[in-house]
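Hello,

Here is the structure we talked about passing on. Please open it alongside this note; my findings follow below.

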Amino acid sequence: MTTVSELPSPLTLLPRAQSGDEDAMNHLLTSITPYVARICRSVTHDDGADATQEALLAIYRGLGTLREPAAFYGWVRSVTIREAVRTAKRYGEERTCSQMESRQEANPLDAVHISDVLERLSQAHRQVLTLRAYGLNEEEMAEVLALPVGTVRSRLFRARRRFQEAWQPSAA
């Protein structure tokens, strides 16, 4: 049995998977599953497994549209975030998880405080802060959330302000 660590790199598997090699496609999807799952959990919280499945399916279906192999991980991230947001909306999730799961904090208690502050924000504010933490710009967030860019900018501005207001008492 082949373990993930024994698999060829995704960039090596990509051309073979795009040309229809089923084994290469299976290995490629297996190798990116932990990355996809981590992103989905941080966006959807309790529905991470469903979002991961939806994202992997979208990656499988759309892999033929990827023209630049060097853009693979950026493309996977974009597809994954889009599917995670769709899953969260579909399930009517009231909470999105903290983006801090993907980062190492100097003080572990900071992550606890940050999660607490994020949980007190509205779902819309948590979403834009989480998407920003994953490196999306306003235009990309607007596309993922199906909102006008101006609305995203406004939400991001308000979310940052609400976060700072909520953080101040717990920072003291």
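Does Tyr-35 count as buried, partly exposed or exposed? Tyr-35 counts as partly exposed, because its relative accessibility is 22% and buried would need a value under 20%. Keep in mind that this is a predicted model.

Aromatic pairs came next. Searching the whole structure turns up 2 of them. In one, the ring centres of Tyr-35 and Tyr-73 lie 5.9 Å apart, with the planes at 85 degrees, so this pair is edge-to-face. The pair joins distant parts of the chain: Tyr-35 sits in helix α2 (residues 22–44) and Tyr-73 in helix α4 (residues 72–90), 38 residues apart.

Phe-72 and Tyr-73 make an aromatic pair as well, also edge-to-face. Here the figures are 5.3 Å centre to centre and 70 degrees between the planes. Tyr-35, Phe-72 and Tyr-73 together form one aromatic cluster.

Phe-72 has a relative accessible area of 0% and is buried.

Now helix α4. It has 19 residues. From first C-alpha to last it reaches 27 Å, close to the 27 Å expected at 1.5 Å a residue. Its buried residues include Phe-72, Trp-75, Arg-77, Glu-83 and Ala-88. What do the buried residues of α4 pack against? They pack against α1 (10–18), α2, α3 (48–62), α6 (123–133) and α7 (138–145).

Best regards

Key. Residues numbered from 1 in each chain as written. Predicted model: local features only at pLDDT ≥ 70, side-chain atom pairs only at ≥ 80, totals over all residues. Heavy atoms only, no water. Phe/Tyr/Trp six-rings, centres within 6.5 Å; stacked < 30°, edge-to-face > 60°. Helix = DSSP H or I, 4+ residues; strand = E, 2+ residues; numbered from the N terminus. Buried < 20%, exposed > 50% of the residue type's maximum accessible area, 1.4 Å probe, protein only. Expected span 1.5 Å × (residues − 1). Contact = heavy atoms within 4.5 Å.
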